Amino acid sequence: MSTDKRIRAAMANCTKGEATRMVLPAEIRALDLDTLADVVGWRDAKAPDKAVLLVPGDEEPVGIALRAAANPVGATAMCALCRTTHGPGGTSLFSAPRGRGGDSVGTYVCSDLGCARHITVQKATAALRPAPGLSVEERRAGLRERAAAFAAQVTAPR
C-alpha cells in the first residue's frame, strides 16, 4: 500500500471522505512509515486552519485531524507536546474532533507543527527554547509519549 493510502487509512478521527480530501505535502509522501520514529505534523496548504498530526504506533501510525484556532497565542507559551517554549505566535490552540457528537479535545501545539524539528535545537534562541537539561533523545521520547497520550485521548471511547 502506498504511503498516501496508509496515512489516509490511519486517520482516526475523521471520515473517509475527509481523509481523501486531505492534502499531503511532498515531504510527507516521501516518509517511510515502516521506520517512522518521530511525531510528524503539517498544516493543509489549501486550508491553513486544518492540520494533521501523525503519531508513531505499535503497528501503524495514528493520524489525528486537527483544527487550529483563528489566532495563535499572542504571548510566550509552551507547546504541550514537545515542551518547547515559543515567542508570541509560536503556539496555537489545536482541537481534535472525537466523532460526530461534537466533542473535541484541544491542546496548545507549535503553530507550524514542527515539534520533531524543535526538539533537536541544541541552544535556545529568542524564538525557540527547548526544555532545558534534557538530551535530544530524552526530548524525542517525551514528545512521542505525550503525542501518543493525546492521540489516545482523542480516540478513546466515550
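1. Start with R83, which sits in the loop between strand 4 (77–78) and strand 5 (85–86). In this predicted model, R83 has a positive phi of about 60°, although it is not a glycine. Its relative accessible area is 39%, so R83 is classed as partly exposed.

2. L113 belongs to the loop between strand 7 and helix 4 (115–118). Is L113 buried or exposed? With a relative accessible area of 4%, L113 is buried.

3. Which order do its strands take? The 5 strands run 1-2-3-6-7 in an open sheet, and the pairing is antiparallel. Strand 1 and strand 7 are at the edges with a single partner strand each, so one side of each has no neighbour in the sheet. From one strand to the next, the twist averages 30°. As a reminder, strands of a sheet pair through backbone hydrogen bonds, either parallel or antiparallel.

4. Within that sheet, strand 1 (residues 40–43) and strand 2 make a hairpin, with 6 residues between them. The two pair in the antiparallel sense over 4 bridges, and R43 stands opposite A51 of strand 2. On to the next pair: strand 2 and strand 3 are antiparallel too, over 6 bridges. Here V55 has V62 in strand 3 as its bridge partner.

5. P61 is worth a look while you are in this region. The residue lies in the loop between strand 2 (50–55) and strand 3 (62–68). P61 counts as buried because its relative accessibility is 7%, under the 20% limit. What does P61 touch beyond its neighbours within four places in sequence? Its contacts are A10, L33, L36, L54, V55 and P56. As for D34, which is 27 residues away along the chain, its C-alpha atom is 8.9 Å from that of P61.

6. Helix 5 is the element to view against the sheet. The helix lies across strand 2, strand 3, strand 6 and strand 7, and runs at about 80° to strand 3.

7. The packing comes next. The largest nonpolar core has 23 residues, and those touching the most other members are L53, I64, L66, L81, C115 and F150. Two or more residues each come from strand 2, strand 3, strand 6 (91–97), strand 7 (104–110) and helix 5 (136–155). Which element gives the largest share? Helix 5 does, with 5 residues. A second, separate core holds 13 residues, M11, M22, L36 and A65 among them.

8. Residues up to four places away in sequence aside, L53 touches V39, V40, G41, V62, G63, I64, L66, L81 and F150.

9. N13 deserves a close look for its polar contacts. The residue is found in the loop between helix 1 (3–10) and helix 2 (16–21), and N13 is buried, with a relative accessible area of 11%.

10. Last, the cysteines. How many disulfides does the structure hold? The count is 0. For C14, the nearest cysteine sulfur is that of C115, 20 Å away, and C14 is in no disulfide. C115 is in no disulfide either, and its nearest cysteine sulfur, that of C79, is 3.6 Å away. The 3.6 Å between the sulfurs of C115 and C79 is not within 2.5 Å, so the pair does not count as a disulfide.

Terms used
Residues are numbered from 1 along each chain as its sequence is written. This is a predicted model: local features need pLDDT of at least 70, side-chain atom pairs count only at pLDDT 80 or more; totals for chains, interfaces and linings use all residues. Side-chain values use heavy atoms; hydrogens and water are left out. Buried means under 20% relative accessible area, exposed over 50%, partly exposed in between (1.4 Å probe, protein chains only). Contact means heavy atoms within 4.5 Å. A nonpolar core is a set of buried Ala, Val, Leu, Ile, Met, Phe, Trp, Tyr and Cys residues joined through side-chain atoms within 4.5 Å. Two strands pair if DSSP finds at least two bridges between them. Axes are lines fitted to C-alpha atoms, for helices over the stretch in contact, and angles run from 0 to 180 degrees between N-to-C directions.
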